[in-house]
Amino acid sequence: MTPWLTIVGIGEDGYAGLGKAARRALLAAAEVFGGERQLALLPSCIGARRTPWPSPFDLAPLLTRRGMPTCLLASGDPMFYGIGATLARQLAAEEMRVLPAPSSVSLAAARLGWALQDVGLLSLVGRPLAALNAHLHAGRRLLLLSNDGQSPAAIAALLRERGFAPSRLSVLEHLGGERERRIDGLAADWSLAEAAALNLVAIDCRAGADARRLPLTVGLPDAAYRHDGQLTKRDVRAVTLARLAPEPGELLWDVGAGCGSIGIEWMRAHPSCRAIAIEADEGRLGHIAHNRDALGVPGLQLVVGHAPQALEGLEAPDAIFIGGGVTVPGVLERCWATLKPGGRLVANAVTLQSEATLVAWRERHGGELTRLSVSQAQPLGHFDTWRAALPITLLEVRKACT
């Protein structure tokens with residue numbers, strides 16, 4: 001198949017920065033799509049009709065030209081958080097040809113002298129700033145695609161709040177063009193209220209004495225969560241996540257989510273992991289919303305209601321955790337019926353009744369039962385003694401592949 005669509009990456013240097021292949025494609029095209037800013041960079045020698053994207057954004061006008069020679073202009077590398085990646089989900093690779101320009105992150109790394117393979121990348125374009133919380137680690141270097149001109153000030157404020165005020169920030173505007181500018185400073189005393197709308201922020205993370213530093217491992221400190229006592233404690237949480245065994249791109253149901261700790265740490269395992277927290281208590285829903293933002297996974301989806309009714313219509317999961325409600329009629333059955341083949345179900349029980357439910361379930365469906373008992377040393381007069389938490393019975397069962 002001959003590609004009908006050519007996606008041309010264009011930088012701030014405009015038409016002058018394009019290679020021969022990109023120029024030939026634009027000269028041969030009958031129609032060129034793109035944002036108004038990109039289209040304005042084309043010289044008068046390009047005779048094609050120029051069609052700006054409609055508002056609200058819609059790919060339909062472009063797709064109606066399927067099979068006819070067409071060009072599309074995009075900023076920098078179209079396959080890096082760009083329109084090329086969006087179209088690749090709708091068109092066969094043979095239908096389009098992509099001619100990228102240097103991305104803004106490539107240009108930023110070149111200006112800063114940073115090895116790009118060692119840098120963390122995050123887009124804030126149309127995404128919550130709270131996602132940055134999962135990436136803050138002392139000594140790490142980050143490149144952030146800003147949402148707008150106010151993003152640098154908001155980033156600096158978040159860094160101060162998290163105790164990363166000593167971090168060095170560089171704002172790079174209009175990379176690759178005549179108006180390119182770099183502004184450096186510390187998050188502690190950042191004063192630039194608004195930068196150019198097109199900017200990228202580089203962060204050299206430095207932790208202050210008051211920094212809230214969170215490890216990459218599961219089993220975050222209990223103090224990292226806001227809760228009302230409904231919290232899977234740290235040691236049990238670490239074992240539970242190990243049994244759930246998250247893999248990239250997988251979806252978890254956290255049924256009876258409490259303060260959301262299992263779903264949150266599932267999503268922190270990999271940027272592409274997804275989770276749905278099902279919870280009926282209004283106060284606990286507030287705790288989940290706070291915790292997901294504070295711990296850097298604002299994409300955690302909340303579903304309000306009681307299982308099993310609240311599970312109706314949800315996307316089938318790869319794994320399910322039931323932290324509460326195993327004795328409610330229909331919960332285990334609905335979860336098991338919806339779980340994907342090869343998926344994992346993990347349920348924790350504290351009471352004798354919920355433990356009996358898990359034992360009976362194991363007799364019918366198999367699986368592995370584990371008893372967890374955790375004790376901590378606590379003062380007793382002038383001495384210390386072991387204080388045991390309530391024992392937890394954990395059921396792990398994997399659904400057969402069909």
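Let me start with Phe80, which has a relative accessible area of 24% and is therefore partly exposed, since buried would need a value under 20%. This is a predicted model, so please keep that in mind throughout. Tyr81 is also partly exposed, at 45% relative accessibility.

Now the aromatic rings. The count of aromatic pairs comes to four. Phe33 has 2% relative accessibility, so Phe33 counts as buried. Back to Phe80 and Tyr81: they form an edge-to-face pair, with 5.0 Å from centre to centre and 80 degrees between the planes. Phe33 and Trp53 also belong to one aromatic cluster with Phe57.

Over the ring of Trp336 sits the charged end of Lys399, 5.8 Å from the ring centre.

Next, strand 15, residues 344-349. How many of its six residues are buried? The answer is six. In a regular strand, side chains alternate between the two faces of the sheet. Here Arg344, Val346 and Asn348 lie on one side, Leu345, Ala347 and Ala349 on the other, and both faces are covered.

Which strands pair with strand 15? Strand 14, residues 319-322, runs parallel to strand 15 and is joined to it by four bridges. Ala319 stands opposite Arg344 there. Strand 19, residues 392-398, pairs with strand 15 in the antiparallel sense, over six bridges. In strand 19, Arg344 has Arg398 as its bridge partner.

Another β-α-β unit, also right-handed, is made by strand 12, helix 9 (residues 282-294) and strand 13. Strands 12 and 13 pair in the parallel sense over four bridges, and Ala277 has Leu302 as its bridge partner in strand 13.

Last, helix 5, residues 104-112. Its buried residues are Val105, Leu107, Ala108, Ala109 and Leu112. What do they pack against? They pack against strands 6, 7, 8, 9 and 10. Just after the helix, Gly113 takes a positive phi of about 75 degrees.

Terms used:
Residues are numbered from 1 along each chain as its sequence is written. This is a predicted model: local features need pLDDT of at least 70, side-chain atom pairs count only at pLDDT 80 or more; totals for chains, interfaces and linings use all residues. Side-chain values use heavy atoms; hydrogens and water are left out. Buried means under 20% relative accessible area, exposed over 50%, partly exposed in between (1.4 Å probe, protein chains only). Helices (H or I, at least four residues) and strands (E, at least two) are DSSP runs, numbered from the N terminus. Contact means heavy atoms within 4.5 Å. Two strands pair if DSSP finds at least two bridges between them. A crossover is right-handed if, with the strands pointing away from the viewer, the path from the first strand over the helix to the second runs clockwise. Rings of Phe, Tyr and Trp (its six-membered ring) pair if their centres lie within 6.5 Å; planes under 30 degrees apart count as stacked, over 60 as edge-to-face and the rest as tilted. A charge sits over a ring if NZ of Lys or CZ of Arg is within 6 Å of the ring centre and within 35 degrees of the ring normal.
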